[in-house]
Each structure stands twice: as C-alpha cells, then as structure tokens.
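Please walk through this structure with me, one region at a time. Keep the sequence and the 3D view side by side.

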Amino acid sequence: MPAIRLGHPVFFHNIPFEIEERQILREMRIPKKSRLEDLGEPAMEKAIGQAIEEGYRMIEGQGVYRTLTVTGIGEDRVLTRESSTLFVGQKMIKLLKHCDYATLIAATIGPRIETEVDRLSGPEPAHAYFLERVGAWMADYMGIWLDNMLEREIVRAGYQRTYRFGVGYGDWPLSSQTEVMALTEAHKIGIALNEAHIMIPRLSVSAVIGWQKPGTGIQPPTTDTESDA
Amino acid sequence: MTPLLERLKKDILILDGSMGALLQGRGLPPGYAPDLWNLERPKDIQAVHAEYRAAGSDILLTNTFGASRRRLAEYQAEGRIREINVAGVELARRAAGGKAYIAGDIGPFGSTIAPFGDTTFEEAVAIFREQAALLAEAGVDLIAIETMFDIQEMRAALIGVREGAPGVPVMAFMTYNADGITDSGSDPETVAAVLEGFCVDIMGLNCSVGPEAMVPVLERLGRATHTYLAIEPNAGLPLHRDGKTVYPSGAEEMATFAPTFVEAGANIIGGCCGTTPEYIRLISKMLKGRPPRVRTPSLHTKIASRTRVIPIGAGAPFVLIGEKINPTGKKLFSEAIAEGRTDLIVAEARKEAAAGAHALDVNVGVPLVDEAMMMEKAVIAIGNVVSTPLVIDSSFASALESGLRIYPGRALVNSVNAEDERLEEVLPLIRRYGASVIALLSGDDIPEKAIDRIKNAEKILKAAERFGLSPRDIVFDTLALTVSAAQEAARQTLETIRILKSEWNAHTVVGLSNVSFGLPMRKTVHDTFLAMAIGAGLDGAICDPYDPLLHQTVAAASLFSGRDPECRIFINKAETWTPLVPQADKGGGASLSTGASASNTDKPLTTREKIDRAIVEGERESITALVETALAEGMGPFDIFVDVMTPAIRRLGDLFGARQKFIPHLIAGADTMKKGVEVLQPLLEAKGPTEPKGTIVFATVKGDIHDIGKNICILMLRNFGYRVIDLGRNVPLETILETAEKEKAQIVALSALMTTTMIQMKVAVDAIREKNLPFKVMVGGAVVTPKFSLEIGADGYGKDVGEVVPLTEKILAALKAPSAS
C-alpha cells in the first residue's frame, strides 16, 4: 500500500495553472457566460483579458500539506499526536470524529498580484478590481489543486475525504491559524500572519481535510463549500 | 537462466504479488517499515518469497520498496541501508532457488521533487543511485522502480538507477488514477515518450485503482510504445471493515483480466496491494505458455512536456516550433532577462501557444547573464502556464543541462553539430536526461553541397550511437541558408531534406526565418520555401507562429505530404481563417474587407452620446479624448459632468438593478467616469469651490486588511459628487471617530471581509451611540448581512457596490428631512 506521508510537511512549488475565463466571470458574478467573448463587449473583454494575462505573469502557486494522526476526541476538541490544542470546537469534532487522520493545507499565489492591486487601487480602480478577482479565484484554485492531490492519496489509502474546513469558520477560532502555520511550516512558501491572524499574502488559503473511513461521518459534497481566502 | 530480456521475446512472465499484506498476516504492525524485517525477521521474508515462487512467479521483487536512505531515515535506520538492501536481495535469491529472476525493488523516496518540491533533482538522483548500486552489487537481475506518481521523480530515479546500476535492465512503473493520468497530470502517451527517452527495458503501471480501470491505460501504453509492458494491479481500492483493511477484487475476478492484459500488450503480469499467492497462482495458470503480443515500433521522434507529447516524423502533423522566446534584437526582453525576470518570457510563451505553436524554443542568451540559472527559471516559469513541449536552446552546455534537469518531460535540445568538441559536451547530456537533439549539419564550416551535409549527418549519427542514442533521438537541421546570399546552397538544403527522408527516413527541421533575409516580401519568400521543403519531406520548422500565412501554407502543404488524411485538419482550420488572398470559391469570403461595415450606414453618434456609451460600456481608453472633444465643441465642464456623465452612470446603475449589467461593468464605468472627471477637474476648480453633496468617512475596520470593495465604493461615491475621506484598512476606531468629527462627516462607512473582524462594526456603532455622536453608520462587505446590520443598529447596509450610492442618498435625505418627532 502506498505510504501515507506522515510526520512532515509536503511542499509544492511551481504549481502549474490555467486561469479559466469561466471561473473569472463567475468570480465577478457575471452569470451565464463562460468566455470573455460571450460578453459581446469589447472594452470589458479587453480589460478582463488584460487582468488574466497579468495574472499569468504574476502568479507563483505554492502549497504545503501536513497529515496529522488523530488520537482521540475530547469534550471540546479533537486530539492528534502532534497537537492537543489545534482542533477545538464542536464543528471540528463533528468533522473529524470518524477520521484516523487530518491534513492541514495552506496555499498561496504569492505577493505580486496583491502588491499590484494595492498600487493600482487609486489610479486604476477597475483594473485593480479585475486583477484582484483573478487573484482571489487563483488562490482558491491553488487550494483546490492541493486538495485534489491530497484526495488521491486519501482514496489510495482506503479512506474518504471530508469536506474542506477553513480556519476561522464556525467555532474554529482564527487564532488557530498560528498553529496551522507552524505545523505546516507555511513560512517556507512565503505565508506569514499579521497580528489579527490573517494570512499575508491575503491571497492565500488554509484549511483542514479529514480522512474518514468510507461510509462514516459527513459525506463531502461534490464541490467544497467551506474554504477561506 | 536465460537472460530476462531474451525470455521476454517469447514468454509472458509472472511477477509476484503484495508483500505488505502477507507480512501483516505474519504480525507486521501497522506503520512499521517492512524493509526492517529483512534483518529482524528474515525467515518470514524468505517464506513470503517462497510462497510466491511456488504460486508461479517468474520474477520476485525484493523487500526493499522503502529501503532508500531518505525513507529509512524516517525509522532512524538510514545507517543500515546496505545491510537491508543486500539482505533483501539475498532472501529473494534463496527463495528463488535459481528458478526466478530477482528484481531489486525501489519505491518513491517519500517527498516531492523540484520544480514541484523541496528536494533538488540531483539530491533525488543521489538517493536512487545509492540504493540501485547496493541492489546491483548484491546481484539483482533487474531493477524495478515502482509506484511513481510524478514523472519528474521517475526521471530522477531512472538517472540514479542507470548511474548506480549500469547495464542492469530497468522496469519502470507509474501509478495512474481512475481518470487515466498520474497525480501530476501525465497521460500514458506522455509517460511512454519520456520513458523511451531513458531507454527503459520494461514500462509498467502498478497499484492504482484496480484491474478494470487499468485496462484502458495499458491499452494506451501498448499503442504508444513497443517497449515491453508490465502490469501489477491492486485488488481494487482498499476498504475498511471491522477495523481491518480489505480489498474488493478477489483472486478469481482478478485472474479473469489476465488475458485482456496480454491482449493489450502486457509481457509481465503480477499483483500489487491486496493480492496474495492465490491471485498469482490463478494468473499463472491462465497465462503460462501464452506468447506475448508483438507490437510495431513507432518511428517518430517524440518530445513531451509533463502532460503533452508531440511526435515528429513522416505522417505526423508538421511541427511548428515557436522562435519568439529569444532575446536577440529585443531590448526589453533582454533587459528583463538581465534582471532575472520571467514575466515577458511567460507572456511570449502564452502568446505562441495560443497562436498554435506545437513546441517552444527557449533561448535566454544575454551577455553577462548567468544563462544556466536563467534557463532553469525560464523552463519552470513556462511550464507553470503552458503545456507545450520545450526546445532548450543554448550554446552553453551548462545552460542546456540546467534546463534539461529541471524539465519534467522529454525536451528537444537545440543543438549539436558535427564539431567534435560540441558532440562530446552535448550528447552525454541528451543521454543522461533522456532528451532528443537537433543536429545541425554544419561542422567547422557550413557545407554548400547536400552530399557534404550528409557526411556531417553520418558523423553525428556515429557519435550518437557511441553515447547510446538511437537515430530516433535525433532531428537533423538541414541548414536553411539565406537565398539572396547563397542561392545554390539554399537549393541544396531542399536536396538534403530529400536525401535524409527518402534514404534514411530521418527527421528534419529548419530555422525558417533566415532564408528570406535581405529580400523584400520576406514572408512570401520563406513561406514558399517552407512549402517546397515540406514537399521534400521536412518534418518541422523553427519559425514565427504569429504569421497567419505560415499556418495556411503548412496546412495546405500537409495535404500533399501525407500529413493530413482526408484533408480533415485543413478543412477544420479553414473554418476559422480569414483568407489572405481573394478566394473565388463559394463561401470563401469573396472580397477582402475594406473596412466598410453596416454600422457606417447608421446615424453617427454625437459626442454626448459617445461619452454616455463610453461610461456605460467602460471604454476607459476613449473617455479622455471624448471629454476634450466635448469641451472643444463648446460644452461647459459642469454641463458635461452633470448632464452627460452623471446620467450615464445612473443609467449604468439602472442596468445593474435590472441585472443587465453586473459589478464589473459598474466598476469599469465608474473608473471611466473618474478618468473623464480628471479632465474636467481643473476647469471645475477654476470656477470656484463647489459644495459637496455630503461627507463620508470610509474605512476597513481594525484587524481587516481587505479593501478592494471599499475602494470601489469610494470611487462610485466620488463620481456622484460626494466628498469621501478614505482612511484605508485596518483602521482603529479612535482614528475613524476623530476624523469624522474633524471633517464634519454625515456618514461613517465601514467595510469588513471577515467574520472575525465584522464585530468591530458593532464596537463602532456602540461607541457612536454612547458618545451621542451625530454620524450615521453604513456597513458592507462580503460577510456582512442585513440581519447583522440590523442587530448592531447600523443605519444602512449595502449589499454591494451597486447599492452604495442609493444608500448614501437615502441616508442623507433622511437627515435633511424634518424630524417626525
């Protein structure tokens, strides 16, 4: 059986990517369009297309995951071999109570889009907005890419994944971000936290995914519903 | 025993099954390294091997899957690497009793490899090399590299094995998912192309999702390569029942797939996770004595990225190699490379791929630049955004090597020639990294006559064979010389192509652009040359993929050169082309466009209407000129702002409300208006101060650093004539209140994007109420809801940027209205 990669973070750099027009239009809440040319508006098509091309030049996709061994369930927390303070809250118990393992993931597209958005925010707000939407989707994309990579490992080991649960959602406090960052050594892919526990670059994601035995626990939806960016 | 590769010519061989399942049955604790049992429980290991031998296995895999230095270090056993591997081989050999081949088993090293991962390529090579050397020293008959998920790790393993165990046959197994691709996205055809570059003796697939799902992958491999094939299926994906791991496919079910595997081309069949000697016994019984299926070798040269393969040769589509990633004569491009930037390289790569290039030549040669370092960066950056295979182009062997090392595919190298020194430095790189190479038919000079160029080809081919390369690893560049300077030499290029194709069935390319140098109508010249060269047998060209005539020429010439059966490619492409010359045929676009269109007959728009349209459609680039035109036509700046721009932005708002326009339109329209107002601003100010419609202090709350939504709201408000004080993001409450008091604001607007920071809005509302301050509070942001707004006692909630102006107007109107009390 393929070994489960336990005990250390697994890093991914240079994650290949494609910026799908369909997703960017969805991110901008433009309904029923899958291609820029479907807009029938040359100026908009050009402006959004330019943001997408800039995205290709600026995005540096990186991610890390670390799988922890679940050792028990307490009254208000899930215990793992690596930490007794990380997975607190009733939602976390509900998520992980049928799991043998839990994997922390963190991913980012790097700081360049964010810096450019900040720079353009005053002089070219529309361009800043388009670029920011491209960055927002692509941060999510990196999380999904990592998620897919992990899911294959989970399935091969005979488990089923739970849905992805973002740090700071429900009763999982955002302050847990500190431990997530430490355990994943996310600083090695350039993610830091500010004093409010927000990831810098902002266009980053972090979450936990559980490894549950098939047929137990909450069945994951076909697409993830809870994630943060 | 007959050497393994000889046996495979006539016999199907049976591999063994899972070691782990049987060791667990003998008490191996979950999570414990099976490899350590080679020393701790040798009798059990030997007994498992013996069971498989008795069941009919012709090949026994040593119990060394995790016995690399890196994996053993997880159990603090790296110091015993030699003992563990040597013992693994010895135990299998004892069980074989001279009646089975011993395959030294090597698994993944347990982490990710550059450019994906942290481990450098050479570190990984060293890990595999060490283990392979130990297994070879202990006397294995072959080495099996198993369960690889990433083609880049397989490349490192193959180099390590070749260097650590030279001359030992290699069997290379990748693991595919249910969708028929590996974890890192490689399909079977791509894997076959890459592994062929390393001359693996047997290719295979193991583990994975069970026998049924593996059949199509095996079939695709069988069509893609004539290399021997091996398959080791799982007994399905594991399940957990009653605290135990079980596998769904039983031995009889698995055995029913064995004939299908042979029909698909398998030469070696065994089992992976969940299989036992019973599975092997049934498979062996079914297949013993069956001859293998003979497969026809492909004659094409194949180049591949991680996820895409391109064949080069007769019958395959003509290959366009984009020439644009090259700093020669490009100042900005050169400067970017000198600064170590890859942004322009990435942009060019995207553009070339979109233009239809099948491969991209990558040249980063700028004087005084560390070309090896830059080549690595360029190859990684391009690989992140396009899947088009790469041609690594440099005159420096160090740059070629750094590009080849990091490239997770099978690159084409540009280039080698017939000079001894160049052959000696480039060909070993082609061999080590499993690449292909463009061979220029020049030596110390450029021969004019075809016969002399062929002599250089012969010399290159001999040298290539000496380094273990095959003719399929070489694509000859027949040297397209400038026709205006050397007319006969240019003609000899065509003759060289003809000889190489008709007499050697060799593959050829040319660098196209030079041929027309110095002449007018260059595109016509080199595209005509290209058509003639394709007729002579040319397989590809390094060229300008942005040239539409070139694409049409290639497609048309392919009709006459056996590259487009039934003309399908041409017909499909022709549907998307604009004819470059008048076409008389039906539906062929009989006339060239003169620029006249139906819209010319429409009534022309006035400047006022054009400004309106520019704002509604977000035509930012045209607004400045339009406003200047309006001013020149005599419209007053205030009239333009109030009577033209403001109604336009209101109309856009109405369209937004009617869901005919969306948030991006609002933002683009507002930005366009802002740009127009910038033209009017000095003129409006010259007429004296104007009374703002209201003052708003706007901030993202303390702890929150998101502000794009806030900034867009501010833009909208300012366009409507409001004075907005933008305090930025992560703003303390004290600053907000002090500023609001100082600026005599009517409204404090607060934004938050996180559930953890929106609570600061309540803090602000409470403070304003407690201090009885006169400000109204409006709130918004992705996580804020009307319910939350109501609960904290805010005066208004805006769902999105479309609501910020109406909400502001509503709040201010309420302030001005006489109090109901």
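Helices (H or I, at least four residues) and strands (E, at least two) are DSSP runs, numbered from the N terminus. This is a predicted model, in which local features need pLDDT of at least 70, side-chain atom pairs count only at pLDDT 80 or more, and totals for chains, interfaces and linings use all residues. Residues are numbered from 1 along each chain as its sequence is written, while chains are lettered from A and ligands numbered from 1 in the order in which they are written.

Start with confidence. pLDDT is the predictor's confidence in each residue, from 0 to 100. Chain A has a mean pLDDT of 90, and 93% of its residues reach 70 or more. For chain B the mean is 92, with 96% of residues at 70 or more. In chain A, confidence is lowest in strand 6 (residues 160-161), at a mean of 92. It is highest in helix 6 (residues 177-184) of chain A, at 97. The complex gets an ipTM of 0.86 and a pTM of 0.86 from the predictor.

Each chain also has a stretch to treat with care. Residues 223-229 of chain A stay under 50 in pLDDT. The model gives that stretch 25 contacts beyond four places in sequence; two residues are in contact if their C-beta atoms, placed from the backbone, lie within 7 Å. In chain B, pLDDT stays under 50 over residues 586-601, where the model has 10 such contacts. Where pLDDT is low, the predicted coordinates should not be read in detail.

Now the backbone. Most residues other than glycine have a negative phi, and most peptide bonds are trans. Where does Asn14(A) sit? Asn14(A) is in the loop between strand 1 (10-12) and helix 1 (21-27) of chain A. Its phi is positive, about 50°, although Asn14(A) is not a glycine. Asn14(A) has 18 other C-beta atoms within 10 Å, so it is partly exposed. The cut-offs are these: a residue is buried if 20 or more other C-beta atoms lie within 10 Å of its own, exposed if 12 or fewer, and partly exposed in between, with C-beta atoms placed from the backbone.

Arg659(B) also has a positive phi, near 60°. Its place is the loop between helix 26 (637-657) and helix 27 (663-686) of chain B. Arg659(B) counts as exposed because it has 8 C-beta neighbours inside 10 Å.

Next come cis peptide bonds. One runs from Ile200(A) to Pro201(A), with omega near 0°. Pro201(A) is in the loop between strand 9 (199-200) and strand 10 (204-212) of chain A. Another links Ala114(B) to Pro115(B), with omega near 10°. Pro115(B) lies in the loop between strand 3 (101-106) and helix 7 (121-137) of chain B.

Turn to Lys91(A), in helix 3 (residues 90-96) of chain A. Lys91(A) counts as partly exposed because it has 15 C-beta neighbours inside 10 Å. Lys91(A) and Gly170(A) are 79 residues apart in sequence, yet 6.7 Å apart in space, C-alpha to C-alpha. Leaving out residues up to four places away in sequence, Lys91(A) touches Gly170(A), Asp171(A) and Trp172(A).

Helix 29 (residues 733-742) and helix 30 (residues 759-770) of chain B pack at an angle of about 45°, with their axes 11 Å apart. Axes are lines fitted to C-alpha atoms, for helices over the stretch in contact, and angles run from 0 to 180 degrees between N-to-C directions. Leu733(B), Ile736(B) and Leu737(B) in helix 29 of chain B meet Val763(B), Ala764(B) and Ala767(B) in helix 30 of chain B. By class, this contact has 6 nonpolar, no polar and no charged residues. Ala, Val, Leu, Ile, Met, Phe, Trp, Tyr, Cys and Pro count as nonpolar, Asp, Glu, Lys and Arg as charged, and the others, Gly among them, as polar.

Finish where the chains meet. The contact takes 50 residues from chain B and 45 residues from chain A. Helix 27 of chain B gives the largest share of the side of chain B that touches chain A, 6 residues. By class, that side of chain B has 21 nonpolar, 20 polar and 9 charged residues.
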